[in-house]
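Me: I have a structure open and would like to learn how to read a few of its features. Could you take me through them?

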Amino acid sequence: MRKVLVVVDYQNDFVNGSLGFNQSENIAGNIYTLVVNALKNNDLVVFTKDTHGPDYLSTREGRFLPVEHCIKGTEGHKLFGELKVFEENLNPNVIILEKGDFGCDKLCEAIEDAFGGDPDEIEFCGVVTNICVISNIVLCQTHFKKTKLALHLDACAAVGDMQHHAVEVIKGLGVEIIE
């Protein structure tokens, strides 16, 4: 089976940095376990990294969300906790994509290039469910017409009620929810 795990923006700034929140720290072990198991199964793992420059506050997103975060070259930009090992040690089954917006415009192309076509399944985890996770799910749903999509509920997080609302929308898109 040609399978992909997409870990969306699980970076320091979203866990214990400028945009950190309690729910995001609680999923660290679950995400790490998913990544380790995916690599044991020889699956592809794609990390998206929210990536901004010093001009962030003057961008469209910066005007919408005026909190500097994930500035390239800072601690906040790095993958959180045990995941940092995947930035430091290259693995042929790991792809790291930097993105400047909610959705990663390079994601579908990178997955397609890795397999020479569509994968059988793409699973998602990470933060923030109602913003970047859902954006990347929609991109993959639009691009990969026959690929099964799934979301690991215990490995994604959003603030407060937004998690529940986002999951309901994701279910409505025909994405399997793995509990």
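**Reading loops, helix packing and a pocket**

Reply: Start with a loop: Val128 sits between strand S4 (121–127) and H7. Keep in mind that this is a predicted model.

Me: What is the peptide bond from Val127 to Val128, cis or trans?

Reply: Most peptide bonds are trans, and most residues other than glycine have a negative phi. Here the bond from Val127 to Val128 is cis, with omega near -15 degrees.

Me: Where is Asp9 found, and what is its phi?

Reply: Asp9 belongs to the loop between strand S1 (3–8) and helix H1 (12–15). Its phi is near 50 degrees, a positive value in a residue other than glycine.

Me: How do I read helix packing, and at what angle do H7 and H8 pack?

Reply: Two packed helices are described by the angle between their axes and the distance between those axes. Helix H7 (residues 129–143) packs with helix H8 (residues 162–172) at an angle of about 15 degrees, and their axes are 10 Å apart. Angles under 35 degrees count as roughly parallel, so H7 and H8 are roughly parallel to each other. The crossing of H7 with H8 is right-handed.

Me: Which residues make that contact?

Reply: H7 supplies Thr129, Asn130, Ile134 and Ile137, and H8 supplies Met162, Gln163, Ala166, Val169 and Ile170. By class, the residues of this contact are 6 nonpolar, 3 polar and no charged.

Me: At roughly what angle do H6 and H7 cross?

Reply: The axes of helix H6 (residues 107–115) and H7 cross at roughly 55 degrees and come within 9 Å. H6 is therefore oblique to H7. This crossing of H6 and H7 is right-handed. Leu107, Cys108, Ile111 and Glu112 from H6 meet Asn136, Leu139, Cys140 and His143 from H7. The contact of H6 with H7 divides into 5 nonpolar, 2 polar and 1 charged residues.

Me: Which element gives the most to the lining of the largest pocket, and how does the lining divide by class?

Reply: H7 gives the most, with 3 residues. The lining of the largest pocket has 10 nonpolar, 2 polar and 2 charged residues.

Note on methods:
Residues are numbered from 1 along each chain as its sequence is written. This is a predicted model: local features need pLDDT of at least 70, side-chain atom pairs count only at pLDDT 80 or more; totals for chains, interfaces and linings use all residues. Side-chain values use heavy atoms; hydrogens and water are left out. Axes are lines fitted to C-alpha atoms, for helices over the stretch in contact, and angles run from 0 to 180 degrees between N-to-C directions. Helices (H or I, at least four residues) and strands (E, at least two) are DSSP runs, numbered from the N terminus. Angles under 35 degrees count as roughly parallel, over 145 as roughly antiparallel, 65 to 115 as roughly perpendicular and the rest as oblique. A crossing is left-handed if the near helix is turned anticlockwise from the far one by less than a right angle, and right-handed if clockwise. Contact means heavy atoms within 4.5 Å. Ala, Val, Leu, Ile, Met, Phe, Trp, Tyr, Cys and Pro count as nonpolar, Asp, Glu, Lys and Arg as charged, and the others, Gly among them, as polar.
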